[in-house]
Amino acid sequence: SVGWCGGGIYFATSAKATFTKAIGPDSHQGCILRATVDVGRVKYLSRTCDRSLNGAEVASEGYDSVSFNPGDGQEYVVYSKSR
């Protein structure tokens, strides 16, 4: 899949932040699913992140997830659905 930080599972840090995130062609507001996520060791990246990232690459650098802020609030990306 694709995303700002490659194919992963993306999480916002607040319900309010979802109003500008997770917006699809048939959705005019974000989507909220409340979840407890074990982000493990987080690699913090710049605003533009890296669209070519994947779980294997992140893990090879000793991280479990990445975090970035594209300008509308912090996001966390995990690459393993077991987290």
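Student: Which residues is Glu75 in contact with, leaving aside its neighbours within four places in sequence?
Tutor: This is a predicted model. In it, Glu75 contacts Tyr10, Phe11, Lys21, Val66, Ser67, Phe68 and Pro70.

Student: Where is Glu75 found?
Tutor: Glu75 is in strand β4, residues 75–78.

Student: Is Glu75 buried or exposed?
Tutor: Buried, because its relative accessibility is 9% and the cut-off for buried is under 20%.

Student: New topic. How many salt bridges are there?
Tutor: The count is three. One of them pairs Asp38 with Arg83, with 2.9 Å between the closest N and O atoms. Asp38 sits in the loop between β1 and β2 and Arg83 in the segment after β4, so this bridge ties together parts 45 residues apart in sequence.

Student: What about the accessibility of Asp38 and Arg83?
Tutor: Asp38 is partly exposed at 46% relative accessible area, and Arg83 is partly exposed at 28%.

Student: Which side chain meets Lys43 in a salt bridge?
Tutor: That of Glu61, at 2.4 Å from N to O. Lys43 is in strand β2 and Glu61 in the loop between α1 and β3, 18 residues apart.

Student: And which side chain does Asp64 meet in a salt bridge?
Tutor: Arg83, at 3.2 Å from N to O. Asp64 lies in the loop between α1 and β3, Arg83 in the segment after β4, and they are 19 residues apart.

Student: Which residues do shared partners join into one network?
Tutor: Asp38, Asp64 and Arg83, through salt bridges that share partners.

Definitions and conventions
Residues numbered from 1 in each chain as written. Predicted model: local features only at pLDDT ≥ 70, side-chain atom pairs only at ≥ 80, totals over all residues. Heavy atoms only, no water. Helix = DSSP H or I, 4+ residues; strand = E, 2+ residues; numbered from the N terminus. Buried < 20%, exposed > 50% of the residue type's maximum accessible area, 1.4 Å probe, protein only. Contact = heavy atoms within 4.5 Å. Salt bridge = Lys/Arg side-chain N within 4 Å of Asp/Glu carboxyl O.
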